[in-house]
Amino acid sequence: MEKLIAKDPVCGRVVNTDSQYFIKECHQKILFCSSACLDRYQLLAPKDIDPTCGMRVPSNSPYVIEENGHKLRFCSVDCRAMYQKRLK
C-alpha cells in the first residue's frame, strides 16, 4: 500500500501522512518531519486563535472585533461575519 505524502510547513521536507509529529488545527492535520520542526512551528506560529474556526491568526489581521475590552482576531471576513451573526 502506497503512503501519501505532505510537506512540512517549517522546513519544506516531504513527510508521510502517518508521521507521528503533527498538530490538529482549523479542522486539518498539519504534519511535520520531526519534533524539532513541530516545536519550532508552535513557537513561531501566531498566538491569536480565530474563535469561529480555531485557526491561528496573525496579530496584524485586519478582521478584528473588540469585545469586553479584548480584541478578537479572525482569519477572514467570513469568520468575523459568522461570529457577529451569533451575537445577534
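What follows is a short walk through cores, cysteines, charged residues and loops.

Before clicking, note that this is a predicted model, in which local features need pLDDT of at least 70, side-chain atom pairs count only at pLDDT 80 or more, and totals for chains, interfaces and linings use all residues. Residues are numbered from 1 along each chain as its sequence is written, and side-chain values use heavy atoms, with hydrogens and water left out.

**Stop 1: the cores**

Select I23, I30, F32, C37, L38, Y41 and A45: these seven residues form the largest nonpolar core. Such a core is a set of buried Ala, Val, Leu, Ile, Met, Phe, Trp, Tyr and Cys residues joined through side-chain atoms within 4.5 Å. Here buried means under 20% relative accessible area, exposed means over 50%, and partly exposed is in between, using a 1.4 Å probe and protein chains only. Helix α1, residues 35-44, supplies the largest share of this core, with three residues. (Helices are DSSP runs of H or I with at least four residues, strands are runs of E with at least two, and both are numbered from the N terminus.) In soluble globular proteins, nonpolar side chains tend to be buried together.

Now pick I23 on its own. Setting aside neighbours within four places in sequence, I23 is in contact (heavy atoms within 4.5 Å) with Q28, K29, I30, F32, L38, Y41, Q42 and R56.

There is also a second, separate core of five residues, including I65, F74, C79 and Y83.

**Stop 2: the cysteines**

How many disulfides does the count come to? Zero, by the rule used here, which asks for a pair of cysteine sulfur atoms within 2.5 Å. Show C33: the nearest cysteine sulfur belongs to C11 and is 3.6 Å away, and C33 is in no disulfide. C33 is partly exposed, with a relative accessible area of 23%. Then show C79, which is in no disulfide either; its nearest cysteine sulfur, that of C75, is 3.7 Å away. C79 counts as buried because its relative accessibility is 10%.

**Stop 3: D8**

Next, select D8, in the loop between β1 (5-7) and β2 (14-16). D8 is buried yet has no salt bridge, and the nearest side chain of opposite charge, R13, is 6.4 Å away. For charges, Lys and Arg count as positive and Asp and Glu as negative, while His and the chain ends are not counted. A salt bridge is a side-chain nitrogen of Lys or Arg within 4 Å of a carboxyl oxygen of Asp or Glu.

What does the D8 side chain reach instead? Look for the backbone nitrogen of V10, at 2.7 Å, and the backbone nitrogen of C33, at 2.7 Å. Leaving out residues up to four places away in sequence, D8 touches R13, V15, L31, F32, C33, S34 and C37.

**Stop 4: S19**

Move to the loop between β2 and β3 (22-25), where you'll find S19. S19 counts as buried because its relative accessibility is 12%. Beyond residues up to four places away in sequence, S19 touches L31 and F32. A polar atom of the S19 side chain lies 3.1 Å from the backbone nitrogen of Y21.

**Stop 5: the salt bridge**

A search of the whole structure finds one salt bridge. Show the side chains of D48 and R73, which meet in a salt bridge at 3.5 Å, N to O. D48 sits in strand β5 (residues 48-49) and R73 in strand β8 (residues 70-73), so the pair ties together parts that are 25 residues apart in sequence. D48 counts as partly exposed at 25% relative accessibility, and R73 counts as buried at 17%.

**Stop 6: D50**

Select D50 in the loop between β5 and β6 (56-57). D50 is buried yet has no salt bridge; R86, the nearest side chain of opposite charge, is 7.3 Å away. Not counting residues up to four places away in sequence, D50 touches M55, V57, R73, F74, C75, S76 and C79.

**Stop 7: N68**

Finish in the loop between β7 (64-67) and β8, at N68. Is N68 buried or exposed? Exposed: N68 has 73% relative accessibility. Most residues other than glycine have a negative phi. N68 is not a glycine, but has a positive phi of about 55°.

Definitions and conventions: A polar contact is a pair of N or O atoms within 3.5 Å; within protein, one must be able to donate a hydrogen and the other to accept it, and residues adjacent in sequence count only if both atoms are side-chain atoms.
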